[in-house]
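Please read the following briefing with the sequence and the 3D structure side by side.

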Amino acid sequence: GYDRAIAACKKSLAKLGTDYLDLYLIHSPNKGKLVETWDALVELQRCGLVRSIGVSNMDVAHIEALLEYRRPVPTVNQIEMHPMIWEEREALLNYCKSKGIIVQAYGS
């Protein structure tokens, strides 16, 4: 939720000994309060504590939920990506491209 995301970011900043983060992501949309947590990241960005905000492991429906509530589009969607799942991810990749969302890939 909102308060936990704000607190987690401030704790990370303190541990890292820095004034801001270049990128801060919401991870895994399977539980929790997506829109409230996203609002916290938007506030962290507004306050200058993070430069860019994004999501991790989110599909089209999750991003659409943010847009349905008229929230800013994520800058980044970090997803698992490798040749073995290219076809499975193609619709998501095309969606992100159409919304101007940068896809950051990780492999497993």
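**Briefing on the predicted model**

Arg70 is exposed, with a relative accessible area of 78%, where exposed means over 50% relative accessible area, buried means under 20%, and partly exposed lies in between, using a 1.4 Å probe and protein chains only. This is a predicted model, in which local features need pLDDT of at least 70 and side-chain atom pairs count only at pLDDT 80 or more, while totals for chains, interfaces and linings use all residues. Residues are numbered from 1 along each chain as its sequence is written, and side-chain values use heavy atoms, with hydrogens and water left out.

**Strands and their pairing**

- Helices (H or I, at least four residues) and strands (E, at least two) are DSSP runs, numbered from the N terminus, and two strands pair if DSSP finds at least two bridges between them.
- S1 and S2 run parallel and are joined by six bridges, and within this pairing His27 stands opposite Ser56 in S2.
- S2 is also joined to strand S3 (residues 76-80) by three bridges, again in a parallel arrangement, with Gly54 standing opposite Val76 in S3.
- On the way from S2 to S3 the chain passes through H3, and this β-α-β crossover is right-handed, a term which means that, with the strands pointing away from the viewer, the path from the first strand over the helix to the second runs clockwise.
- S3 pairs with strand S4 (residues 102-106) in the parallel sense over five bridges; Asn77 has Val103 as its bridge partner in S4, and Gln78 has Gln104.
- A right-handed β-α-β unit is made by S3, H4 and S4.
- S2 is mostly covered, since five of its seven residues are buried, and S3 is largely enclosed by the rest of the structure because four of its five residues are buried.

**The nonpolar core**

- A nonpolar core is a set of buried Ala, Val, Leu, Ile, Met, Phe, Trp, Tyr and Cys residues joined through side-chain atoms within 4.5 Å, and the largest one here has 27 residues.
- The residues with the most contacts inside this core are Cys9, Tyr24, Trp38, Leu41, Leu44 and Val50.
- At least two core residues are supplied by each of helix H1 (2-16), strand S1 (21-27), helix H2 (34-46), strand S2 (50-56), helix H3 (60-68) and helix H4 (86-99), and the largest share, six residues, comes from H2.
- Leaving aside residues up to four places away in sequence, Val50 touches Cys9, Leu21, Tyr24, Leu41, Leu44 and Gln45, where contact means heavy atoms within 4.5 Å.

**Loops and backbone angles**

- Where is Asp19 found? Asp19 is in the loop between H1 and S1, and Asp19 is exposed, with a relative accessible area of 66%.
- Not counting residues up to four places away in sequence, Asp19 touches Leu13, Gly48 and Leu49, while the C-alpha atoms of Asp19 and Asp59, 40 residues apart along the chain, are separated by 31 Å.
- Most residues other than glycine have a negative phi.
- Asn57, in the loop between S2 and H3, has a positive phi near 65°, and Asn57 counts as partly exposed at 25% relative accessibility.
- Arg70, in the loop between H3 and S3, also has a positive phi, near 60°.

**A charge over a ring**

- Arg51 lies over the face of Tyr20, at 3.7 Å from the ring centre; a charge sits over a ring if NZ of Lys or CZ of Arg is within 6 Å of the ring centre and within 35 degrees of the ring normal.
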